[in-house]
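The following exercises are meant to be worked with the sequence and the coordinates side by side.

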Amino acid sequence: MKYETLIDEARAARELAYVPYSRFKVGAALETKDGRVFRGCNVENASYGLCNCAERTAFFSAIAHGYVPGDFAALAVIGDTDGPIAPCGACRQVILELGGNDLAVVLANLKGDVMETTAAAQLPNAFGGRDLQKS
Ligand SMILES: O=c1ccn([C@H]2C[C@H](O)[C@@H](CO)O2)c(=O)[nH]1
Ligand SMILES: [Zn+2]
């Protein structure tokens, strides 16, 4: 799918964000290799630490629908930022594990700025499952 189309999906997802505390809406759209798209928005909570970002909502939705690491082609994320939105560290960790090193990550904002990168490039020197398999 064209990145513009995936960004449009993320833009639509953003409209559904539940953000009574930050008022900062974020949308994500995760494309599977078999052509489906899972949308995600951020979902906040009065217990602030429970807020879930748009990126993780999209991945967790796809996993809950039976998709597994290796099934994903691209992730688009959009927010009302000056430059292309920058995923938080927690999301970069999840994007890398579930999306894989080479997942295309398309970061956008409402003004039309776009940055294309990859999951691995967004989290250098990452901790991963392999690190747990010593001894
Ligand atoms: O890439 C990002 C950055 C922030 N947020 C959310 C978390 C919180 O709900 C709000 C403010 O940080 O934006 C996302 O969903 N994705
Ligand atoms: Zn995040």
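**Exercise 1.** Determine in which helix Glu55 is found, and whether Glu55 is buried or exposed.

*Solution.* Glu55 is found in helix α2, where helices are DSSP runs of H or I with at least four residues, strands are runs of E with at least two, and both are numbered from the N terminus. The model is predicted, so that local features need pLDDT of at least 70 and side-chain atom pairs count only at pLDDT 80 or more, while totals for chains, interfaces and linings use all residues. Residues are numbered from 1 along each chain as its sequence is written, chains are lettered from A and ligands numbered from 1 in the order in which they are written, and side-chain values use heavy atoms, with hydrogens and water left out.

The next step is accessibility: Glu55 has a relative accessible area of 4% and therefore counts as buried (under 20%; exposed is over 50%, partly exposed in between, with a 1.4 Å probe and protein chains only). Leaving aside residues up to four places away in sequence, Glu55 touches Val26, Ala28, Leu75, Val77, Pro87, Cys91 and Ile95, a contact being heavy atoms within 4.5 Å. Finally, the unreviewed UniProt entry annotates Glu55 as "active site"; such annotations may be inferred rather than shown by experiment.

**Exercise 2.** List the buried residues of helix α3 and find what covers them.

*Solution.* In α3, which spans residues 89-99, the buried residues are Cys91, Val94, Ile95, Leu96, Leu98 and Gly99. For Cys91 the relative accessibility is 0%. The cover over these buried residues includes α2 (54-64), β3 (72-79) and β4 (104-109). After α3 comes Gly100, with a positive phi near 85°.

**Exercise 3.** Work out the order of the strands in the sheet and how β3 is joined to β4.

*Solution.* The 5 strands form an open sheet with mixed pairing, in the order β2-β1-β3-β4-β5, where two strands pair if DSSP finds at least two bridges between them. At the edges lie β2 (37-41) and β5 (114-118), each pairing on one side only. Within the sheet, β3 and β4 run parallel and are joined by 6 bridges, and Ile78 stands opposite Ala108 in β4.

**Exercise 4.** How many disulfides does the model contain?

*Solution.* Taking a disulfide as a pair of cysteine sulfur atoms within 2.5 Å, the count comes to 0. Cys51, for instance, is in no disulfide, and the nearest cysteine sulfur, that of Cys53, is 8.1 Å away. Cys51 is partly exposed, with a relative accessible area of 26%.
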